[in-house]
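Please load the model in your viewer and keep the selection panel handy. We will go stop by stop.

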Amino acid sequence: MVSSKLIIAGLGPGSLDLLPPRVLALLQESRHVYLRTAVHPVVADLERMGIRFQTFDHLYQQADNFEEIYREIAQTLRQRLAAGQQPLVYAVPGHPLVAERSVQLLLEQVDRAAVEIVPAMSFLDALYATLRLDPAQGLGVLDGLRLAEQSLDPAQGVVITQIYSRLVAGDVKLFLLEHYPPEHRVTLVQAAGVPGRERVAEVPLAELDHQDWLDHLTSLYVPPLPGQKPRRYPLDPLVQVMADLRAPHGCPWDREQDHGTLRRYLLEEAYEVLAAIDSGDMYNLCEELGDLLLQIVFHAQIARENGYFDINDVVRGITEKMIRRHPHVFGDLQVESSRQVLANWEKIKAREKGLQEQHPSVLGAVPGHLPALLLAQKLQHKAAKVGFDWPDWRGARDKLQEEMGELARALEQGQGRLAVEEEAGDVLFAAVNLVRLAGVSAEVALLASTRKFVQRFQAVEQMARCAGQNMAECSLEQLDRWWEAVKQAQKSEK
């Protein structure tokens, strides 16, 4: 007999022919044999051979959940070891290290040197043979009772274990329908590798829970979705962090937020991304893109909690939209220029959203809550699409000069705040139009100029400090000389 205090052995997939000789010898020779369950095809053979053992089947009737059962098993076996039942053999279906939570708990709690693992053929091995699967081609294995804690990639095949009832199958179906269409064909396998009991059935995903023969030996194989590529950038860890922050015992501040309170942060993070782009600092850009992504995940989590959508719907929606709106890449349409691409994009967008019916005006689809410069430029862009536009930037320049003259007259004549405000708005609108026709974003241009002003002003402040002067007491002429010096220095650097 081996010297290990605890021997954890596998019983194989269910056939006596597939039970390893070493495991059978241990079961026959050991005085202290425990099976996790007697509900396994090979157990009847063991009983006929006169092998004595104890099981933990009674716990399945007493405990509220499987995790409680497995923890009770691990605790009981540790107590028996401490009481002198050594060597103790604990045998489980299949391979002891494949989908056996009680074994994992034992290995966490018992000294490694005191444990020996005696492997056996896993139910997965039998399932691979039955379905002719090569796991090296890409295959995931998920626990059907813990799907919410695991990651699924529809680009590769996946085996889901513990489909032991129609209730579990129903839960699994709902989970899978978030990733696959209802008509996707899936395969149920019962008692893989057990002669006379093996059963294989291929059904549409929508009918997964319609089968009345599911039991503890049933697993599910879901083939990959055609045309999908393996996921390389999973969002699951970030999504889980946000879910934990919003959980009952999570962060009080995160739990208090809603879509409305987060508006300012979404806007701030978007502008910080723009600032990082302008700075040319790629490390900062990476960080700021992460902060912006967090806002998206935050909103998706709130929507999920209220039953509207989740991050999977967000990713799926934009993925499908990009494929639909690029038929020249994912379809048969031929285009020769980016202008044709943009024109086709607008046609598809109008067809998808029924914009002609929803908005009798071509300007109706422009969101009114955009920042003023961005709103003005979008409205001008929409109007230009139906021909309401200057031939080139020169017309817009003349219009800007006209509006500036009207603003000057309003100021000179003391026409009052409202009149000046109106004329000032016309100047800004005309300036945006000129910038648009020059192919520049007014919002981005003004942001860049604002940052440039801050940099130059702070440089002037530094020059005043170096001169030992209080900037507020300096003459305008002195400040202007410093300003021009900073300006020329920056131009020289460029």
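Start by selecting β4, residues 88-92. This strand is mostly covered, with five of its five residues buried. Show the side chains: L88, Y90 and V92 point one way, V89 and A91 point the other way, and all are buried. Keep in mind as you look around that this is a predicted model.

Now widen the selection to the sheet that holds β4. Five strands make up this open sheet, in the order β3-β2-β4-β1-β5, and the pairing is parallel. At the edges you will find β3 (54-55) and β5 (115-118), each of which pairs on one side only. Helix α4, residues 66-82, packs on the sheet and touches β1, β2, β3 and β4. Its direction makes about 160 degrees with that of β4.

Next, go through the pairings around β4. On one flank, β1 and β4 run parallel and share five bridges. Pick L6 and look across to β4, where its bridge partner is L88. What is the bridge partner of L6 in β5? Select V115 and you have it. That pair belongs to the parallel pairing of β1 (residues 6-10) with β5, which has four bridges. On to β2 (32-35): four bridges join β2 to β4, again in parallel. Here H32 stands opposite L88 in β4.

While you are at this end of β4, step back into the loop between α4 and β4, where P87 lies. The peptide bond joining Q86 and P87 is cis, with omega about -10 degrees.

Now move to another sheet. Select β6, β7, β10, β8 and β9: these five strands form an open sheet in the order β6-β7-β10-β8-β9, and the pairing is mixed. The edge strands are β6 (139-143) and β9 (199-204), each pairing on one side only. On average, neighbouring strands here are turned by 20 degrees against each other, direction ignored.

Two loop residues deserve a click here. Follow the chain into the loop between β8 and β9 to reach A191. A191 has a positive phi of about 55 degrees although it is not a glycine. Is A191 buried or exposed? Its relative accessibility is 2%, so A191 counts as buried. Then select Q162, in the loop between β7 and α7 (166-176). Phi of Q162 is also positive, near 65 degrees, in a residue other than glycine. With 23% relative accessibility, Q162 counts as partly exposed.

For the last stop, display α8 (residues 236-245) and α11 (residues 282-305). Their axes come within 10 Å and cross at roughly 55 degrees, so the two helices are oblique to each other. The crossing of α8 past α11 is right-handed. Show the side chains in the contact: L238, V239, M242 and A243 come from α8, and L293, L294, V297, F298 and Q301 from α11. By class, this contact has eight nonpolar residues, one polar and no charged ones.

Note on methods: Residues numbered from 1 in each chain as written. Predicted model: local features only at pLDDT ≥ 70, side-chain atom pairs only at ≥ 80, totals over all residues. Heavy atoms only, no water. Axes fitted to C-alpha atoms, helices over the stretch in contact; angles between N-to-C directions. Parallel < 35°, antiparallel > 145°, perpendicular 65-115°, else oblique. Left-handed = near helix turned anticlockwise from the far one by under 90°. Contact = heavy atoms within 4.5 Å. Nonpolar A, V, L, I, M, F, W, Y, C, P; charged D, E, K, R; others polar. Pairing = 2+ DSSP bridges. Buried < 20%, exposed > 50% of the residue type's maximum accessible area, 1.4 Å probe, protein only.
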